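Reader: I would like the terms in this description set against their cut-offs. Please start with how helices cross.

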Amino acid sequence: MLPRLPASLVALLSLTAAVAAVPAGDNPLRGIRPRATGRVCGSDPTTEVVQEMEEVFASVLAGNGASSKGTRDSGQSTVSVYFNVISASGAASDGNVPDSQIQNQITVLNQGYSNTGLSFRLEGITRSINADWFNNVAPNNTQESQMKKALRKGAASTLNVYTVGFNNDKARGLLGYATFPVNYTDSPVNDGVVLHYSALPGGSTTGFNTGRILTHEVGHWVGLYHTFQGGCDGPGDYVDDTPAEAAPASGCPDGRDSCPSDPGADPIHNHMDYTDDACRTEFTAGQISRLQSQIKAFRGINV
């Protein structure tokens, strides 16, 4: 049985999908850190929210008598994936991406997670021509709720991906965002990844069109934070073998070391940074251990 969150934490933990490109004064979500305009990920919880999620994680593990460390390569589990294509019209230029791009995306996703014990199988594709959803979906808004309520399939172990255009002022600049495993029990309909259609393999977003944006967002869906979570101080991303990073990197700045007091250069080649797709190629052993523990605790997936 999946864990039930304490009622006192439900409101706070529902805010872990962040709004990007929103001036701080306009941000409608408490506990969320807005980011500057640019091609970014919206899954950016504040330190307070992260601490709450980690307390729940620790509590679940303690209740199960389990460890926060997973076992690498202990087995293989296949995640069922449903792609929900939202478009403004029937044209590819309005978001109606072809099946071939989606199939290529699944291939890229499997390449990225090849050493984690997870594989991904496309179970179905739905197509919805809905200009309101395509243009206006943003984290925790009405259009997102309507879209997911109408389309989401499966249980905690099922990955739902929604492709949209992010033309709403509250979401402009996003390439994607995802829910975390801890969110599922109290908001199952909201679970999944929302992705800019241009980030699929062969898409139009230069530097971010090989499919690795979804690899990044699924990283959140399986319980990973950004490598720059918390900056140079504190527990950061709660993974021991990712060096601390003061802020997200861009491009592919080899040798960058934004936290010189912490051993190791910035993990710019990690899937959970903001560098270009071509630069992001790896998960660490610690990240694999963490994601295995997270999906076992909250998604009922054993690897």
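Author: A crossing is left-handed if the near helix is turned anticlockwise from the far one by less than a right angle, and right-handed if clockwise. Helices (H or I, at least four residues) and strands (E, at least two) are DSSP runs, numbered from the N terminus. The model is predicted, so local features need pLDDT of at least 70 and side-chain atom pairs pLDDT 80 or more, while totals for chains, interfaces and linings use all residues. Residues are numbered from 1 along each chain, and side-chain values use heavy atoms, without hydrogens and water.

Reader: Why are α3 and α6 called oblique to each other?

Author: The axes of α3 (residues 99–112) and α6 (residues 212–221) cross at roughly 55 degrees and come within 9 Å. Axes are lines fitted to C-alpha atoms, for helices over the stretch in contact, and angles run from 0 to 180 degrees between N-to-C directions. Under 35 degrees counts as roughly parallel, over 145 as roughly antiparallel, 65 to 115 as roughly perpendicular and the rest as oblique. The pair α3 and α6 is therefore oblique. Their crossing is right-handed.

Reader: What makes the contact between α3 and α6?

Author: From α3 come Gln105, Val108, Leu109 and Gly112, and from α6 Arg212, Leu214, Thr215 and Val218; contact means heavy atoms within 4.5 Å. These residues divide into 4 nonpolar, 3 polar and 1 charged. Ala, Val, Leu, Ile, Met, Phe, Trp, Tyr, Cys and Pro count as nonpolar, Asp, Glu, Lys and Arg as charged, and the others, Gly among them, as polar.

Reader: Why is α2 called roughly perpendicular to α7?

Author: Helix α2 (residues 47–64) packs on α7 at about 70 degrees, with the axes 10 Å apart. That angle makes α2 roughly perpendicular to α7. Glu54, Val56, Phe57 and Val60 of α2 meet Arg290, Ser293, Gln294, Ala297 and Phe298 of α7.

Reader: What makes β1 and β3 edge strands?

Author: Each of β1 (40–41) and β3 (118–129) pairs on one side only, where pairing requires that DSSP finds at least two bridges between the strands. The open sheet has 6 strands in the order β1-β5-β6-β4-β2-β3, with mixed pairing. Within it, β4 (residues 159–164) and β6 (residues 193–196) are parallel over 4 bridges.

Reader: How do you know that cysteine 232 and cysteine 259 form a disulfide?

Author: Their S to S distance is 2.0 Å, and a disulfide is a pair of cysteine sulfur atoms within 2.5 Å. The link is left-handed, with -85 degrees about the S-S bond. Both cysteine 232 and cysteine 259 lie in the loop between α6 and α7 (285–299), 27 residues apart. The whole structure has 2 disulfides.
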